[in-house]
Amino acid sequence: MAYIYKNITGNTATDLEVQEIENNKYTLSTMSLCNIHTSDAVLIDLYLYRTEMTDSRSIVGEGGDWNDLESTTYSYYILNNVKIPNGATLVLDKEDLDFDRSIYNLYIKLDQADSAVDIILK
C-alpha cells in the first residue's frame, strides 16, 4: 500500500497528482488533511477537475484553420469552503475519494496566502 505525503501552502489551486498513483491500479482509501497553521483556521476546496476539448469546425480543415478547438472545463466539489480549525485534522474515506483518475484530476485550494495543510494519501 503506497502513501503520498504533501504539504500545501498558499491559496493557489494545486493538482494533487493522484492520477499517477501506481498508474491508476490502486484506489485511494483515505485522505488526511491537517491544518498546520499556528493560529488560523483554513477553508478548503477539494474538487475534481477536467478539461474537454471539442472541435467546432463543421468540416475538418475548413478554411485551413486547425486551431478551432474549444475547451470546456468541469469542476465537481468534494469539499467546498470546509473549515478546519488550526491543529485539527479532517479524514476522508474511500467513498469520498472514489473517482476515475484517468479522466479527472484532484485539486485542492486553500483560502489564504499563509494557509498550510499537510496531506497524507493512502
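The structure is a predicted model, in which local features need pLDDT of at least 70 and side-chain atom pairs count only at pLDDT 80 or more, while totals for chains, interfaces and linings use all residues. Residues are numbered from 1 along each chain as its sequence is written, and side-chain values use heavy atoms, with hydrogens and water left out.

The chain has 8 strands and 0 helices (DSSP runs numbered from the N terminus: E of at least two residues for strands, H or I of at least four for helices). Of its 122 residues, 30% are buried, that is, under 20% relative accessible area with a 1.4 Å probe, protein chains only. Among contacts (heavy atoms within 4.5 Å) between residues at least 6 apart in sequence, 81% join residues at least 24 apart.

An open sheet of 4 strands has the order S1-S8-S3-S6, with antiparallel pairing; two strands pair if DSSP finds at least two bridges between them. Strand S3 (residues 30-35) is joined to S6 by 5 bridges, and Ser32 stands opposite Val91 in S6.

Asp45 lies in strand S4 (residues 42-55). Asp45 is buried but has no salt bridge (a side-chain nitrogen of Lys or Arg within 4 Å of a carboxyl oxygen of Asp or Glu). Its nearest side chain of opposite charge is Lys109, 5.9 Å away. The Asp45 side chain does reach the backbone nitrogen of Asn81, at 2.7 Å. Not counting residues up to four places away in sequence, Asp45 touches Tyr77, Leu79, Asn80, Asn81, Tyr107, Ile108 and Lys109.

Terms used. Buried < 20%, exposed > 50% of the residue type's maximum accessible area, 1.4 Å probe, protein only. Lys, Arg positive; Asp, Glu negative; His and termini not counted. Polar contact = N/O pair within 3.5 Å; in protein donor to acceptor, adjacent residues only side chain to side chain.
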